Number of protein chains: 2
Amino acid sequence: MYVILVYDMGEKRVSKMMKHCRKYLNWIQNSVFEGEITEVKLKELEIGARKIMNENEDSLIIFKSRNERWLDKQVIGVERMSTDNFL
Amino acid sequence: MYVILVYDMGEKRVSKMMKHCRKYLNWIQNSVFEGEITEVKLKELEIGARKIMNENEDSLIIFKSRNERWLDKQVIGVERMSTDNFL
């Protein structure tokens, strides 16, 4: 399935969450990830994310679509994902 | 159509962009919006956003889906949208 993941974390936890999410998805913008992922891997991602985040303060939203083709993506301005490989 | 909008802006432009996007969509997380919008209104949103942003530094991504039902949304942690009316 195709997912878009966005988070809003306390500053101390941001870099840990970013590293965690990048194991599973492609980073496309500050705190936004997307990619194809299996149900099992997504569950693994979620379990790991819950360990990193403070669920009383932080927010993580996952949009799931069975097919990427149902979504059209438009990027305006800088395409940050192009630097993904250099981080 | 249903859209998810995420932006990554220079600090000086963030609040202006937030105000602009809230005219058209629902704020669901720091720099993330979603909602039903017409093609015409989305174009209006985009034109206004381009005026606010610095296209060499800032990034705005719009995911468009013809139907919200094609997307399943999971929120983990704090649901920030619940405070939307108080801002």
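I began with the sheet, which is open and has 5 strands in the order β2(A)-β3(A)-β1(A)-β4(A)-β5(B), with antiparallel pairing; strands are DSSP runs of E with at least two residues, helices runs of H or I with at least four, numbered from the N terminus, and two strands pair if DSSP finds at least two bridges between them. This is a predicted model, in which local features need pLDDT of at least 70 and side-chain atom pairs pLDDT 80 or more, while totals for chains, interfaces and linings use all residues. Residues are numbered from 1 along each chain, chains are lettered from A, and side-chain values use heavy atoms without hydrogens or water.

I noted that β2 (26-29) of chain A and β5 (71-77) of chain B stand at the edges, each with a single partner strand, so one side of each has no neighbour in the sheet.

I then followed the pairing of β4 (59-65) of chain A with β5(B), which is antiparallel over 7 bridges, and found B:D72 in β5(B) as the bridge partner of A:K64.

Next I looked at α2 (39-52) of chain A, which packs on the sheet and touches β1 and β4 of chain A and β5 of chain B, contact being heavy atoms within 4.5 Å. Its direction makes about 25° with that of β5(B), with axes fitted to C-alpha atoms, for helices over the stretch in contact, and angles from 0 to 180 degrees between N-to-C directions.
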